[in-house]
Amino acid sequence: MSVIENPVLSGFHPDPSICRVGEDYYLVCSSFEYFPGVPIFHSRDLVHWTQIGNVLDRPEQLRLDGARSSGGIYAPTLRHRAGRFHLIVTNVSGQGNILVTATDPAGPWSDPIPLPGVPGIDPDLAWDEDGTCWCTVAGVKQVRLDLETGQTIGEPRAVWSGTPAAKAPEAPHLYRIGEYWYLMIAEGGTERGHAVSIARGPAPDGPFEPCPANPILTHRGTDHPVQNTGHADLVQGPDDSWWMVLLGVRPGGGTPGWHVLGRETFLAPVTWADGWPVVGEPALELPASPWPLQPPVVPARRDDFDDSRLGPQWISLRDRPEEDCATKEPPGWLTLRARGASLDGLDVMFVGRRQQDRACRVRTLIDASQGDGGLAVRLDEQHHYEIEARAGEVQVIARIGPLRSVVASSAVPSGPTVLRIDVVPTEQITSRTGPDHIVLGVEDPDGVFTSLAELDGRYLSTEVAGGFTGRVIGMYAATGTVRFDWFDYERP
Ligand code: 6LW
């Protein structure tokens, strides 16, 4: 019997927001310091998701100058009304709250409309019967919004802010369901105390009565394999049943547990009792859905960089000017030009993809004859492991907080070299603790692997580094010009 496997979107895909348009579902997530920003996915079954683009894929839309790690783009809300998609989101590194719209969710999306009067993060959009748009933000505050001009109408006012003792009421979403208006929020902070609570009222601005069963979802204080559950959005399935998408993490490696893939998107079933939602467990395996599952279109395991543009799964730090990142010089190679920064900074020329599996093998063929560069597992500028190639030599470098060390080095034959990183979960190495081990080395032309270093993965976990993202594995140029013939991300 087929089951629904959670997370439905693995790897760092936090703060999911979802909307349904007929038989189609669309979902967006936060993207922080990475460009392009706000990945957008399509599904027909709520389970399998295909990335169809990134909402903020032009510098005119997304300015991340000076954005720190886990700065930039926080939680978006995606809604559809009268044939147009609306996305509202906060850029905490400069633009503040902005609104973009599109008729095609795959883009192009409009240039941003600034929303100077919208206070706070995690903005939500909802419309009442007469078409008034209500914007609700973390805190929880609410203000009416003119979507044409971006101007607020009236003063923001505080509305229901969750459980009195709980911290960080955020991620609000407002829904008209049946006779009530429901205000759902996250509270407790996005770590182990995370929770979802809800209230209902007669009007979009309340007054709101809290659900007697709050929190309607939390895994705090449990040994559940999915932790930090919160930041949710509600949607009806293809059979009009109710479902919730939410963020969660999968700590590994024993107590206290370290999660390395960031906050991932999970699915949970929802039923209703006495006019209140009852949330089923976002288990790692859910009973199969009553509707057919449609396999997603996922990026090919190997990218040969033969297309004129990089696929939507590829992300860089802050921006990606074509003069520094090209796939036509020559065609079939990814050419990266260093920008005077190493991975210890945020201006390094880096092109990576989210690590989406607890076990994976990543390889790339690098030509470092005109510069230094390599293959890295990055959490942020102070937490990354990389194997770096330069003419005739490779080095394994580890950056953990204030410490930076060349852990190993080896001569290699001149000419393009295959760099390889194996991520091996600890459960496959019984003698170890921590979530996983990261093995870095090179392959010879016959595919024979030489490991140069094996590093403890817990130091590239959120529990150690903090922040809101997750690991990204990718290619970078530290000096000069570096070219990559292909990139291969192999799941076990
Ligand atoms: C997001 C907010 C949060 O805007 O973290 O901890 C922010 N909760 O809901 C980034 O994910």
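The lining of the largest pocket divides into 16 nonpolar, eight polar and eight charged residues, where Ala, Val, Leu, Ile, Met, Phe, Trp, Tyr, Cys and Pro count as nonpolar, Asp, Glu, Lys and Arg as charged, and the others, Gly among them, as polar. The model is predicted, so local features need pLDDT of at least 70 and side-chain atom pairs count only at pLDDT 80 or more, while totals for chains, interfaces and linings use all residues. Residues are numbered from 1 along each chain as its sequence is written, and side-chain values use heavy atoms, with hydrogens and water left out.

The space in this largest pocket comes to about 830 Å³. Val8, Ser10, Val298, Gln356 and Arg491 are the closest to its centre among the 32 lining residues. Grid points are joined across faces, edges and corners, and a volume is the space filled by probe spheres set on the points.

Two or more residues of the lining of the largest pocket come from each of strand 1 (3-5), strand 5 (37-43), strand 6 (50-56) and strand 29 (349-354); strands (E, at least two residues) are DSSP runs, numbered from the N terminus. Strand 1 gives the largest share, three residues. Domain 1 (3-288) and domain 2 (302-490) each provide at least three residues of this lining, with bounds from an automatic or database domain assignment.

Turning to the second largest pocket, its space is about 650 Å³. Of its 23 lining residues, Asp57, Arg309, Leu310, Arg320 and Glu322 lie nearest the centre. Strand 6 and strand 27 (325-328) each supply at least two lining residues here, and strand 27 has the largest share, with four. By class, this lining holds 10 nonpolar, six polar and seven charged residues. Domain 1 and domain 2 each contribute at least three residues to the lining of the second largest pocket.

The search of the whole structure also finds two cavities of 30 Å³ or more. In the largest cavity there is about 40 Å³ of space, lined by Ala300, Arg301, Asp303, Gln313, Trp314, Arg353, Phe487 and Tyr489. Four of these lining residues are nonpolar, one is polar and three are charged. The second largest cavity has about 30 Å³, and its lining consists of Arg250, His259, Val260, Leu261, Gly262, Glu264 and Arg358.

Finally, there is the ligand. Asp15, Phe32, Tyr74, Ala75, Ile121, Asp122, Glu170, Thr190, His231, Arg263 and Phe468 are the residues around it, each with a heavy atom within 4 Å. This shell has five nonpolar, two polar and four charged residues. Arg263 places a polar side-chain atom 2.7 Å from a ligand oxygen atom. Of the 300 Å² of accessible area that the ligand has on its own, the protein covers 95%, with areas from the Shrake-Rupley method and a 1.4 Å probe.

How values were computed
Polar contact = N/O pair within 3.5 Å; in protein donor to acceptor, adjacent residues only side chain to side chain. 1 Å grid on protein atoms, 1.4 Å probe; cavity = no way out; pocket = protein on both sides within 12 Å on 5 of 7 lines; lining within 4 Å.
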